[in-house]
Amino acid sequence: MEITINYYGQAVSVSVEVYEYLTQADHKAENLAHEQRRHWDGREFDEYIIATEGRLPYCATPEELICQRETLDEILSVLALCTDTQRERFLLYALHDFSYAEIAEMCGCSKVSVCQSIAGVRKKFFKFFGKTY
């Protein structure tokens with residue numbers, strides 16, 4: 001049995017099997033485009049990765065998760081030893097990548113006091129981890 005379809009503006013006769021195959025391929029392409037739009041922010045869509053690459057996405061091992069948690073706990077314990085001002089200035093510098101001048105402007109202080117605060121936090125980190133400054 002032949003079916004006539006519109007293919008790029010031209011009428012083409014194809015068998016039922018070819019028509020079903022083309023319909024299925026269009027549906028899969030549409031689903032893939034939908035998944036890509038849905039995950040535009042970089043989130044992984046595991047089913048697509050497994051189907052196309054044949055392997056699971058990377059997952060941290062339990063040992064890695066424990067090491068990450070221990071490291072985070074150590075960092076938080078050092079930051080707990082700092083004053084609120086030191087902690088704020090250090091986090092603005094280390095995490096948010098602000099310059100000393102920008103931090104000084106935000107906090108209403110001098111660049112020297114920002115530098116001293118950050119140096120104080122660094123000394124506490126080195127002392128906590130047993131390294132010389």
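The model is predicted. The chain holds six helices and two strands. Along the sequence, the elements run β-β-α-α-α-α-α-α. Of the 133 residues in the chain, 17% are buried.

**Helix packing**

- Helix 3 spans residues 62-81, and helix 6 spans residues 111-128.
- The axes of these two helices come within 10 Å.
- They cross at roughly 130°.
- Helix 3 and helix 6 are therefore oblique to each other, because an angle counts as roughly antiparallel over 145 degrees and as roughly perpendicular from 65 to 115.
- The crossing of helix 3 and helix 6 is right-handed.

**Salt bridges**

- The count comes to two salt bridges.
- One joins the side chains of Asp73 and Arg69, at 3.3 Å from N to O.
- Both Asp73 and Arg69 sit in helix 3.
- Asp73 is partly exposed, with a relative accessible area of 38%.
- Another salt bridge joins the side chains of Asp84 and Arg87, at 2.8 Å from N to O.
- Asp84 and Arg87 both belong to helix 4.
- Because they are three residues apart there, about one helical turn lies between Asp84 and Arg87.
- Asp84 is exposed, at 58% relative accessibility.
- Arg87 is partly exposed, with a relative accessible area of 24%.
- The cut-offs explain these two labels: exposed means over 50%, and partly exposed lies between that value and 20%.

**Surface patch**

- Val18, Tyr21 and Leu22 form a nonpolar patch on the surface.
- Together, Val18, Tyr21 and Leu22 have about 280 Å² of accessible area.
- Val18 lies in helix 1, which covers residues 16-38.
- Val18 counts as partly exposed because its relative accessibility is 37%.

**A loop residue with positive phi**

- Asp97 has a positive phi of about 60°.
- Asp97 is not a glycine.
- Its place is the loop between helix 4 (84-94) and helix 5 (100-107).
- At 66% relative accessibility, Asp97 counts as exposed.

- Leu79 lies in helix 3.
- Leu79 has a relative accessible area of 8%, so this residue is buried.
- Along the chain, Leu79 and Leu91 are twelve residues apart.
- The C-alpha atoms of Leu79 and Leu91 are separated by 9.5 Å.
- Ser113 belongs to helix 6.
- Ser113 is at 19% relative accessibility and so counts as buried.
- The cut-off that places Ser113 in this class is under 20%.
- Ser113 and Gln86 are 27 residues apart in sequence.
- In space, Ser113 and Gln86 are 9.7 Å apart, C-alpha to C-alpha.

- Ala101 is found in helix 5.
- Ala101 counts as partly exposed, at 38% relative accessibility.
- Ala101 and Cys115 are 14 residues apart in sequence.
- The C-alpha to C-alpha distance between Ala101 and Cys115 is 9.6 Å.

Definitions and conventions. Residues numbered from 1 in each chain as written. Predicted model: local features only at pLDDT ≥ 70, side-chain atom pairs only at ≥ 80, totals over all residues. Heavy atoms only, no water. Patch = residues over 30% accessible without salt bridge, like charges linked within 9 Å, V, L, I, M, F, W, Y side chains within 5 Å. Areas by Shrake-Rupley, 256 points an atom, 1.4 Å probe, with all protein chains shown as cover. Salt bridge = Lys/Arg side-chain N within 4 Å of Asp/Glu carboxyl O. Helix = DSSP H or I, 4+ residues; strand = E, 2+ residues; numbered from the N terminus. Buried < 20%, exposed > 50% of the residue type's maximum accessible area, 1.4 Å probe, protein only. Axes fitted to C-alpha atoms, helices over the stretch in contact; angles between N-to-C directions. Parallel < 35°, antiparallel > 145°, perpendicular 65-115°, else oblique. Left-handed = near helix turned anticlockwise from the far one by under 90°.
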